[in-house]
Every structure is written in structure tokens, then in C-alpha cells.
Amino acid sequence: MKNVPTATNNGGPAGHTTQPLGSAGQAARLQSVPAAPSDSEPAVGASAVRRTFTFTSAVTGEKVTATCLPGCTVDHEADSNTPEHPHDIYCNIPGTAGELPLYGPLCDTGSPEDFRFLSWQIESRPFSARPTERLPFVAIEAIDDHYIEYLDPDTLEMVITRLQKQVDSLREAHAQLVNVRTAYLNPLEAAA
């Protein structure tokens, strides 16, 4: 089995590793991965303060101390007050929430409705069975509850590049649409 790096309860390096959840070694004390590469380099706009909280694992019954993602806005009090499955613990830094007024088949009414559009957030699931989810990642909400998730820095850069190319294509579509509508609405001018 591949060893997965973990952190001690205070966020520092550990001298051991933990097996993924659901494995034979699950009874071992659960530990999270550090949420940031360095305590001295917080995420942009995030506080350098790293909160810790303790919860009772619903799997093992043990008390587990977790170190929060720098800048996390989740109130972990509920996690501390009731037994939690470690995989349900998450940290979140909200990003920009965009809205797009749309109407048509996506709407429940005959008038425009606001849909969340290309919103993003930074997340971490410190006790996930997937090591990639333990490190901070970006989730982009393409449109209302439809996400592109688990984007590491390289994958996010690829998505940004593709979006830029698609925006250029949409600008071409806009110019073509203007021309086609003009021709459609003025058929005599188009024939001349």
C-alpha cells in the first residue's frame, strides 16, 4: 500500500502515515494532511492563522484534532459537537460568486432568473480517502449546481486557458449572430 503523508494534530510534519479510510488500518488514529504548503505562506487573501478543532470520529470513536485551511470560513462548531464521519469534514474559502440572468427552458417562470455562473471556491477535505482532495483545490460552479471540481493549480491553469479560447470563439459567434440577424431582419438589403 502506498503511504500517504499526514500531519500531526498541530499541523506539523508527522513521523508516520495513515491508511486511507475504509482500509484494514482504519482503527489507527486519523490525521489530516497539512492544508497549505507552508504556514508562512497563506493563500492569497487568507489569514495566516490556522484554526484547530476537535471532533469525535463516528468510525473509531476517537477524538481527532484537525487543522483548518488558512482562510476557511466554515464554522466547525457543529463538527465538534456531534460525532462526524471524517470524510464529511471539509474546509472552504469562498471565491467570487457570479450570476447570470437567464430565461427560457432553464427557468421555472416566464421571466429571467439569476443563475450562479462561473463561481469558484477553494476547498479541502482533510480526511478524504483520495489524497488529492486532502490538499487545497478549486471547485468551479459552471452553472447552478454543476461543478468542475478537484482542480489542482496545473489543472486550473488548463481550464483557464480553455475558457479563454472559448471566450474568443463566443466573440466570433456574437459577431456572426449580429450579421445573421441583420440579414434575417432585412432580407432586401442582404439581396442587394
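**Exercise 1. Glu123 and its partner**

Is Glu123 buried or exposed? Which residue forms a salt bridge with Glu123?

Solution.
- Start with the cut-offs. Buried means under 20% relative accessible area, exposed means over 50%, and partly exposed lies in between, with a 1.4 Å probe and protein chains only.
- Glu123 has a relative accessible area of 5%, so Glu123 is buried.
- Now take the salt bridge (a side-chain nitrogen of Lys or Arg within 4 Å of a carboxyl oxygen of Asp or Glu).
- The partner of Glu123 is Arg125, with the closest N and O atoms 3.3 Å apart.
- Arg125 is partly exposed, at 21% relative accessible area.

A note on the source: this is a predicted model, in which local features need pLDDT of at least 70 and side-chain atom pairs count only at pLDDT 80 or more, while totals for chains, interfaces and linings use all residues. Residues are numbered from 1 along each chain as its sequence is written, and side-chain values use heavy atoms, with hydrogens and water left out.

**Exercise 2. The outline of the chain**

How many helices and strands does the protein chain have, and in what pattern?

Solution.
- Helices (H or I, at least four residues) and strands (E, at least two) are DSSP runs, numbered from the N terminus.
- The protein chain has four helices and seven strands.
- Along the sequence they run β-β-α-β-β-β-α-β-β-α-α.
- Next, burial. Of the 192 residues, 30% count as buried.
- Then the surface. Accessible areas come from the Shrake-Rupley method with a 1.4 Å probe; for residues, only the protein chains shown count as cover.
- The chain exposes about 12400 Å², and carbon and sulfur atoms supply 56% of that area.
- Last, contacts (heavy atoms within 4.5 Å). Among those with a separation of 6 or more, 44% join residues 24 or more positions apart.

**Exercise 3. Confidence**

Over which residues does pLDDT stay under 50?

Solution.
- pLDDT is the predictor's confidence in each residue, from 0 to 100.
- The mean for the protein chain is 77, and 73% of its residues reach 70 or more.
- Residues 1-43 stay under 50.
- For that stretch the model has 84 contacts beyond four places in sequence.

**Exercise 4. Salt bridges across the sequence**

How many salt bridges does a search of the whole structure find? Which parts does the pair Arg116 and Asp144 tie together?

Solution.
- The search finds five.
- In one of them, the side chains of Arg116 and Asp144 meet at 3.8 Å, N to O.
- Arg116 lies in strand 5 and Asp144 in the loop between strand 6 (137-143) and strand 7, so the pair ties together parts 28 residues apart in sequence.
- Arg116 is partly exposed at 32%. Asp144 is also partly exposed, at 23%.
- Another salt bridge joins Arg130 and Glu133, with the closest N and O atoms 2.6 Å apart.
- Arg130 is partly exposed at 47%, whereas Glu133 is buried at 6%.
- Some salt bridges share partners: Arg116, Glu141, Asp144 and Asp145 form one network.

**Exercise 5. The surroundings of Ser124**

Where is Ser124 found, and which residues does it touch?

Solution.
- Ser124 is found in strand 5. Its relative accessible area is 2%, so Ser124 is buried.
- Leave out residues up to four places away in sequence. Ser124 then touches Leu69, Ile89, Tyr90, Cys91, Glu133, Arg134, Leu135, Pro136 and Phe137.
- A polar atom of the Ser124 side chain lies 3.0 Å from the backbone oxygen of Arg134.

**Exercise 6. Positive phi**

What is the phi of Leu118, and what is the phi of Tyr150?

Solution.
- Most residues other than glycine have a negative phi.
- Leu118 has a positive phi of about 50°, although it is not a glycine.
- Leu118 is found in strand 5 (residues 113-124) and is partly exposed at 39%.
- Tyr150 has a positive phi near 60°.
- Tyr150 is found in strand 7 (residues 146-151) and is partly exposed at 33%.

**Exercise 7. A surface patch**

Which residues make the nonpolar surface patch of about 230 Å²?

Solution.
- Patches are made of residues with over 30% relative accessible area and no salt bridge; like charges are joined within 9 Å, and nonpolar side chains (Val, Leu, Ile, Met, Phe, Trp, Tyr) within 5 Å.
- Phe117, Leu118 and Leu163 make this patch.
- Leu118, one of its members, has its place in strand 5.

Definitions and conventions:
A polar contact is a pair of N or O atoms within 3.5 Å; within protein, one must be able to donate a hydrogen and the other to accept it, and residues adjacent in sequence count only if both atoms are side-chain atoms.
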